[in-house]
Structure formats: structure tokens, C-alpha cells
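These notebook entries record what I looked up in one structure.

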Amino acid sequence: MLKIRNPWGEKEWTGGGSDKDTAFWNKISNTDKKILGLTEKNDGLFFMFWEDFLEFFQIINICKVNDNANYYYE
């Protein structure tokens, strides 16, 4: 299982492991859902099974996001 963030902040995976996969998430305790940061909204954060990730992604970019940083754009 992977937790992925869409950098545009919207559009999410809707297959296995997604917010909409109630069969999977009903097996997970509320405490664990909170620890994992599961949110049931279109916020760009989603979970995906490893097998699906390998099938649908060929190229990825990995970056570290610092939520406490001050960004300046000109």
C-alpha cells in the first residue's frame, strides 16, 4: 500500500485502497486510519495498492514537501 499525493491537490485514484474502497477500509481500525491520515475527500492524497501502482505508473517524481516553508514566487 502506498500513500500518494497529487501535486495539483485534486484528482485521486478511485480503485483498490482508495477513499472509496469501503471493503478495504472497513477492515482498518479508526485509530489506524487516523495514524495513516486517511481523509475521505478530494484533497489530492490517496492510497493505492502496490500492484496497481506498478500497472498505472511508469514515471514518478519524488520530492520532500516542507509544510512549514515560506515560498516566494515572482
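I began with Met-48 and listed its contacts (heavy atoms within 4.5 Å). Leaving aside neighbours within four places in sequence, Met-48 is in contact with Met-1, Leu-2, Ile-4, Trp-13, Gly-16, Phe-53, Phe-56 and Phe-57.

I noted that the model is predicted: local features need pLDDT of at least 70, side-chain atom pairs count only at pLDDT 80 or more, and totals for chains, interfaces and linings use all residues. Residues are numbered from 1 along each chain as its sequence is written, and side-chain values use heavy atoms, with hydrogens and water left out.

I then turned to Asn-6, which sits in the loop between β1 (2–5) and α1 (22–25). Asn-6 counts as buried because its relative accessible area is 14%, and buried means under 20% (1.4 Å probe, protein chains only). Beyond four places in sequence, Asn-6 touches Lys-11, Gly-44 and Phe-46. A polar atom of the Asn-6 side chain lies 3.1 Å from the backbone oxygen of Lys-11.

My last entry concerns Lys-41, in the loop between α2 (30–36) and β2 (45–48). Is Lys-41 buried or exposed? Lys-41 is exposed, because its relative accessibility is 52% and the cut-off for exposed is over 50%. Not counting residues up to four places away in sequence, Lys-41 touches Glu-12 and Asp-19.

Definitions and conventions
Helices (H or I, at least four residues) and strands (E, at least two) are DSSP runs, numbered from the N terminus. A polar contact is a pair of N or O atoms within 3.5 Å; within protein, one must be able to donate a hydrogen and the other to accept it, and residues adjacent in sequence count only if both atoms are side-chain atoms.
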